[in-house]
Amino acid sequence: MINLPAAWRFSAALAVVVVSSLSLFACSGGGGGGSSPPAPGPVSVSGALSAPSFNATDSDVNNPDEAYTPNNTPAQAQPLPNPAVVGGFVCATPTGVAGDRFQSTPDPVDYYRVSLAAGQAITLSFNMPAGQTSASLNLDLRLLDSTGQNQIQASQGFTHTELVTAPADGTYVIEVTAKAGSTNYILSIGRPTPKLASVDTQAEFVPGEIIVRFQNRGGKTKSAASESLAARAAAVGLTPLSGSAGRPMRMRLEKGAGRTKAFRALGIAENNSAQESVEADTEAAHKRDTVRAVQALRARADVAAADLNYIRRSARTPNDTFYSRQWDLALIRLPQAWDITTGIPVSGQIIVAVIDTGVVLNHPDLAGKFVDGYDFISDPTNALDGDGIDPNPNDPGDSLTSGTSSFHGTHVAGTIAAATDNGIGVAGISWGAKIMPLRVLGVQGGTSYDLIQAVRYAAGLSNNSGVIPTQRADIINLSLGGGGFSQNEQDAFSAARNAGVIVIAAAGNENTNRPSYPASYNGVISVSAIGPNLDKAFYSNFGPSIAVAAPGGDMSVDLNGDGFPDGILSTLANKTYDANGSAIITNNYNYYQGTSMAAPHVAGVVALMKAIYPALTPAQLDAELAGDTITQDLGAPGRDDIFGYGLIDALQAVQRAQILANGGASPLVLMITPTALNFGLTRTPQSLTVASSGAPINNVTAVTGANWLTISGSGLGNYTVSVNDAGLTPGVYAASIIFSGNGTKNVSVPVTLQVGGAGAGDAGLHYVLLIDPATSETKYTTTASPDTGYRFNIDGVAAGDYFVLAGSDLNNDFVICDPGEACGAYPTLDLPTTLHVNGTPITDINFVTGFAPILGTQATPSLPAQSYARKLNKQ
């Protein structure tokens, strides 16, 4: 055991939220009445951490407590799994104080060895604090061949993020170099990038047409004629169509004799089977031959790129910077729903009230998204803005400690309605919805009375502000909760419902069937959470009140192999203090998990429905849920206590809104449930259900171009999908199953498979802290090592309440959980809960830790400094 300083500081790479009341969420059970017993004696607290299997740690970091193996030369390159998220440290010059590993000798470079698939992206990210420039802090990323002597690719033109891509399957050496300064970093190895992925044979393309760009052969002896379209096409047996030297050329693969000519020029063996002869003049055969020609062209040294001439159709895919990391939106079929509506109503506006910590009103990705709101926190000491209720719902933070505020309401608001297709940040579910920010949660949580006032304001009813909004909210989102039924709260929600407001609430994060309020009130739609694999999220509450499920995220996994935890990415902020004690709030983005994140998915989808059918009532929405018209059924058939009526389905929801709006029939489409399959590391066959949105659909077929994927089934009904990873190198594989039927457009179901990466992850040596929630003082410490399964035990713990926090300290600055360092809290990082120690040894304090992504410039938000026995807490 290492005796860490009592004043050991902490921060977290992910901002987390104010914890729950001891009386509601404590780990130990409650007791009866009677006289107070004697103070209990000290006991032990023990448990274990777990790190995701794809986590790895740089083997030479600045912390001398960490195991040390140099990786300073290509010959010493540290082996990595694939996929991987690596936490590391480099310094261009000696750094730190006496005792630091690199106090006298720098560690300017780290080398890693890994097997990559063609197109796999390697991303290097590091924190660039305000005031830093590339002159003072600069890291470079290079991809080298297997010897480490020859450069394959170097990242260029970036600041705090560097990117290289593997050009072909093979073993590579990755080089991370500190050109200036010292810092932690995150190195992520994700799935193949689209431009180098295998040929997608199922997407629509023009049969026979190929787009080719040749390498520039250069040299004075090369004539213009030899570089011409005609000459290039003749060399590969194709017919020239358009284009010119130095840019993409369009060519055609002919049938018959032209096919034979091209196949000979490209070295493609002809099958000449009886079946191929029969099919020779069909469109299917021509498409197959076109694919074979593209594959042959890609193998040529003189070809820079060769592609099918894909057919593009209009689709609502936003251009927001981090949209590709919002896996949750595709899971509920938002892109398809956006083809029908982006949530911009024909007239008026759709308003969603976010009753939470308030919202950072100047966040650039929420610009223009607000209507007037209110701050209903009545206790000035809780409000942290110097007064009681006031008309300013801006979130000043919910902690007095630098870097510890959650900005929970800002995250929720971004999921519902972040400015979308604006070229920055994240995409919101409803592009046209407006947010009514109502503040009820402060440094001490919130109270029932303040919540009631906010609900009444949102519903356009009398309240303590004396203000009635010009237009009431259409929807209320409540990503908060706690135990204890309140008739006054129930009456407030009933009044809001009677006024026509749809009320949606998070079910809670305690993995229990105990009622949590307001989600368990009559007339409130309770939302449970699922992870990226359509399973119940490990933290999500369940029970008879659950109406619907939505993505809540799971920070412990990276099932889609993009190099980032599978949490929910949204708008956020961070609060720090300068040397004069003045607060500085910096806008950013980050991942959270929880039913708090699931509820706004439902609120956003309902806002899309209201944009088409503004007259949608709470009772109608209840009927749509009960009728299984706007959900994908999960779990037991029909309603169940885990998923309610199923996963919210944005496409079905807006189609149903069309029917309600005008009585017309919805478009006839194939309805595939689930909309995506992710096998992860499992090999258990999975099921798909194919149904029609209306009348029966004939001649339904399913095809895929991936040889590791097998589909059985036909027509409408159930299909079984199996995978076989024999012969596949470690990595993440993606393919699609294309369903088609008479009179319908094709429906694509993405399938993901992860090969390798199994087993326990290594997130580095961890320091486990028991922290006094009232003073933020670290009371007890110990270490947990991956070598011992991250098990820990702390003896002599006095009776009281504690946060349990664990993290690594790669840069040895005596601050755990910095950007680039692993971090975890009990039971989850987004909702740490006070642990009640009362004379009985406590075991099984088990929780997840791991490395988090670094998204742009950020300070170091951290665990809340204080816990208060108040009823309302963020979910």
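Is Asp-641 buried, partly exposed or exposed at its relative accessibility? At 34% relative accessibility, Asp-641 counts as partly exposed, where buried means under 20% relative accessible area, exposed over 50% and partly exposed in between (1.4 Å probe, protein chains only).

This is a predicted model, in which local features need pLDDT of at least 70 and side-chain atom pairs count only at pLDDT 80 or more, while totals for chains, interfaces and linings use all residues. Residues are numbered from 1 along each chain as its sequence is written, and side-chain values use heavy atoms, with hydrogens and water left out.

**Overall composition**

The protein chain holds 14 helices and 45 strands; helices (H or I, at least four residues) and strands (E, at least two) are DSSP runs numbered from the N terminus. Of its 875 residues, 56% count as buried. The accessible surface comes to about 32,300 Å², with 51% belonging to carbon and sulfur atoms; the areas come from the Shrake-Rupley method with a 1.4 Å probe. Among contacts (heavy atoms within 4.5 Å) between residues at least 6 apart in sequence, 73% join residues at least 24 apart.

**Sheet and helix**

An open sheet with mixed pairing consists of three strands in the order E39-E2-E44; two strands pair if DSSP finds at least two bridges between them. Strand E39 (791-797) and strand E44 (847-848) each have a single partner strand, so one side of each is left without a neighbour in the sheet. Strand E2 (residues 43-50) pairs with E44 in the parallel sense over two bridges, and Ser-50 has Val-848 in E44 as its bridge partner. In helix H9 (residues 408-417), 10 of 10 residues are buried, including His-408, His-411 and Ile-416.

**Salt bridges**

A salt bridge is a side-chain nitrogen of Lys or Arg within 4 Å of a carboxyl oxygen of Asp or Glu. By this rule the count comes to 14, among them the following pairs.

| Pair | N to O distance |
|---|---|
| Arg-259 and Asp-289 | 2.6 Å |
| Asp-474 and Lys-610 | 3.8 Å |
| Arg-639 and Asp-641 | 2.9 Å |

Arg-259 lies in helix H3 (residues 257-266) and Asp-289 in helix H5 (residues 283-298), so this pair ties together parts 30 residues apart in sequence. Both Arg-259 and Asp-289 are buried. Asp-474 lies in the loop between helix H10 (448-458) and strand E20 (475-478) and Lys-610 in helix H12 (residues 595-612), so their pair ties together parts 136 residues apart in sequence. Asp-474 counts as buried at 10% relative accessibility, and Lys-610 is buried with a relative accessible area of 2%. Arg-639, the partner of Asp-641, is partly exposed at 30%. Salt bridges that share partners join Arg-259, Asp-289 and Arg-292 into one network.
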